[in-house]
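Here's a quick briefing for anyone opening this structure for the first time. Have a look at the picture, then read on.

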Amino acid sequence: MADPLILLGPPRSFTSVISAMLGQHPQMYGLPEVHLFVADTVGELFYYYKIAGPRRSHGLLRTIAEVYMKTQNKKTVDLAKAWLIKNKNTSTAEVFHKIVSKVDPKIVVEKSVTTVWKPANLQRVARVLPNARFIHLTRHPRGQCESMMEALKTETGLTRQMQDHSTTPPTTDPQILWYNIHSNIVDFLEDVPKERYMHIRGEDVVQSPDKYLRELSEWL
């Protein structure tokens, strides 16, 4: 099967936009956020959904409905959920490989933002997908941080990842999230062969899509 392409970057770094762009290529298949790399088994994944909120499950449920039943509606999404519950002891690696096999020979594009939250999640990717390719996607910290502060108005769950605990009381600083996530990515990519990853600025792709999407396609 074709080796997947994993986008690595903090939230609000154009990961969704660029994943959607790449997913339009006839030889690629863009996924919504499936969050499969936060846990080892489906049962552990459901525990994560319980903590993080049920909307985190929507991408995986819709993906299973789409690739197996060719449509997304309440019935197919409910069937997808029932299948996952029945197979709670199945590894998340096996679920991901089942998705990849259904869209083969297309290259799966995956961009779940939770992958970069913790080094353990990135190491799980390395074990599950030993030949995956990666795009390290960056955005200028000012634009990314301003967007994160705007997101806090509706997504209060983001606050914890941006808290500076060196102050009393803790202050919310989006620069902490920007720095920590990119540190995770840089450390992870040190062990990945250079031919299997590329760094690109999200602003460049958005401003000059013809140029940069062509370069990405040629690299792939």
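The buried residues of helix α6 pack against β1, α5 (92-103), β4 and α8 (174-189), where contact means heavy atoms within 4.5 Å. Helices (H or I, at least four residues) and strands (E, at least two) are DSSP runs, numbered from the N terminus. Keep in mind that this is a predicted model, in which local features need pLDDT of at least 70 and side-chain atom pairs count only at pLDDT 80 or more, while totals for chains, interfaces and linings use all residues. Residues are numbered from 1 along each chain as its sequence is written, and side-chain values use heavy atoms, with hydrogens and water left out.

- Which residues of α6 (119-128) are buried? They are Asn121, Leu122, Arg124, Val125 and Val128, with buried meaning under 20% relative accessible area, exposed over 50% and partly exposed in between (1.4 Å probe, protein chains only).
- Looking down the α6 axis, you'd see these buried residues fall within an arc of 150 degrees, so they line one face of the helix. That arc is taken from the directions from the helix axis to the C-beta atoms.
- As background, an α-helix has 3.6 residues a turn, so residues three or four places apart point the same way.
- α6 and α8 pack at about 35 degrees, with their axes 10 Å apart. Axes here are lines fitted to C-alpha atoms, for helices over the stretch in contact, and angles run from 0 to 180 degrees between N-to-C directions.
- On the α6 side, Pro119, Leu122, Gln123 and Ala126 do the touching, and they meet Asn184, Ile185 and Phe188 of α8.
- Sorted by class, that contact has five nonpolar, two polar and no charged residues. Ala, Val, Leu, Ile, Met, Phe, Trp, Tyr, Cys and Pro count as nonpolar, Asp, Glu, Lys and Arg as charged, and the others, Gly among them, as polar.

**The sheet**

- Five strands form an open sheet with parallel pairing, in the order β2-β3-β1-β4-β7. Two strands pair if DSSP finds at least two bridges between them.
- β2 (28-30) and β7 (197-201) sit at the edges with a single partner strand each, so one side of each has no neighbour in the sheet.
- On average, neighbouring strands of this sheet are turned by 20 degrees against each other, direction ignored.
- β1 (residues 5-8) and β4 (residues 133-138) pair in the parallel sense over four bridges, and Leu5 has Arg133 as its bridge partner in β4.
- Helix α1 (residues 15-23) lies across β1, β2, β3 (107-110) and β4, and runs at about 160 degrees to β1.

**Around Ala2**

- Ala2 belongs to the segment before β1, and it counts as partly exposed at 21% relative accessibility.
- Leaving out residues up to four places away in sequence, Ala2 touches Val100, Asp104, Pro105, Lys106 and Ile107.

**The loop between β1 and α1**

- Arg12 is in this loop and has a positive phi of about 65 degrees, although it is not a glycine.
- Phe14 is found in the loop too, and its phi is positive at about 70 degrees, again without being a glycine.
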